[in-house]
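Colleague: Before I use these labels, I want to know what each one rests on. Can we go through them in turn?

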Amino acid sequence: MIKPEASIVILTGAGMSAESGVPTFRGVDGLWEGHRIEDVASPEGFARDPELVHRFYNLRRAALNTVEPNAGHLALAKLEREWRGRFLLVTQNVDDLHERAGSEKLIHMHGELRKARCEGCGAVFSWTQDLAPGTRCRACGDIGGLRPHIVWFGEFPFEMDSILGALKRADLFLCIGTSGVVYPAAGFAQIAAERPQCRLIEVNLEPTAISRQFHEHVVGPAAIELPKLVDRLLAV
């Protein structure tokens, strides 16, 4: 039984955004326009061909203008507003659909498409337009140092200390729309389970690599199942 003052940690993955129609930009062959995803999503790829990397993320950033939050995003924002205990939403997604739905207690562990970061001065700021190798940093004025504020292959996710701290005191862990194969996020369920009183619930279209670690499985689209789950949690 989940108490009204319980501490909740939620992890959302690509399946959450897919239900809003966010394109994956990865072909059936695992490539993007003939390039390995690592070529456009790694520090080495950026160093080799910054123009290619910027083009990849410019298209992804522009695609956000064509999608809207779904009922699952709205349900999680409602849960945050009405829950009396601690609440943290962690997402692997780099879109801004959770924010547009109203979520505020949110960590983007893999970064955000609508932010840019200067490799020279370290400044991070909102960015909704295209980036290019010749774009000037708004903070320091340097040219050529701006990159997408995205965690690439070989880089460490953001705010891991805060995430791990929340997991270790969680009474309820919800895992939504994630495959359970990408670490460190795939290990969050195991960390939460180390707390004996923590209940773990998975919401997904199908079983995942970590399904056995959960006490409850909700099978179906998040846009359909999450509003019902949230109503159930708020009724305690």
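Colleague: What does Leu226 touch, leaving out residues up to four places away in sequence?

Modeller: In this predicted model, Leu226 touches Met16, Gly72, Ala75, Leu76, Ile176 and Val203. Contact here requires heavy atoms within 4.5 Å.

Colleague: Which residues of the largest nonpolar core touch the most other members?

Modeller: That core has 23 residues, and Leu226 belongs to the group with the most contacts to other members, together with Ile10, Leu79, Leu174 and Ile176. At least two residues each come from β1 (8-12), α5, β4, β9 (172-176), β10 (199-204) and α9. Helix α9 gives the most, with five residues. Another core, of 22 residues, lies apart from this one and includes Val90, Ile107, Ala166 and Ala170.

Colleague: Why is the pair Asp231 and Lys78 called a salt bridge?

Modeller: The closest N and O atoms of Asp231 and Lys78 are 3.0 Å apart, and the cut-off is 4 Å, so the pair qualifies. Asp231 sits in helix α9 (residues 222-234) and Lys78 in helix α5 (residues 71-82), 153 residues apart.

Colleague: What makes Asp96 and Arg114 a buried pair?

Modeller: The relative accessible area is 14% for Asp96 and 19% for Arg114. Asp96 is in the loop between β4 (87-91) and α6 (97-101), and Arg114 is in strand β6 (residues 111-118), 18 residues apart.

Colleague: How do you know that Arg232 and Glu216 form a salt bridge, and what does the pair tie together?

Modeller: Their closest N and O atoms are 2.8 Å apart, which is within 4 Å, so the term holds. Arg232 lies in helix α9 and Glu216 in strand β11 (residues 216-219), so the pair ties together parts that are 16 residues apart in sequence. Arg232 is partly exposed at 42%, whereas Glu216 is buried at 16%.

Colleague: What makes Glu68, Asp96, Arg100 and Arg114 one network?

Modeller: Salt bridges that share partners join these four residues, Glu68, Asp96, Arg100 and Arg114. Across the whole structure, the search finds 14 salt bridges.

Terms used:
Residues are numbered from 1 along each chain as its sequence is written. This is a predicted model: local features need pLDDT of at least 70, side-chain atom pairs count only at pLDDT 80 or more; totals for chains, interfaces and linings use all residues. Side-chain values use heavy atoms; hydrogens and water are left out. A salt bridge is a side-chain nitrogen of Lys or Arg within 4 Å of a carboxyl oxygen of Asp or Glu. Helices (H or I, at least four residues) and strands (E, at least two) are DSSP runs, numbered from the N terminus. Buried means under 20% relative accessible area, exposed over 50%, partly exposed in between (1.4 Å probe, protein chains only). A nonpolar core is a set of buried Ala, Val, Leu, Ile, Met, Phe, Trp, Tyr and Cys residues joined through side-chain atoms within 4.5 Å.
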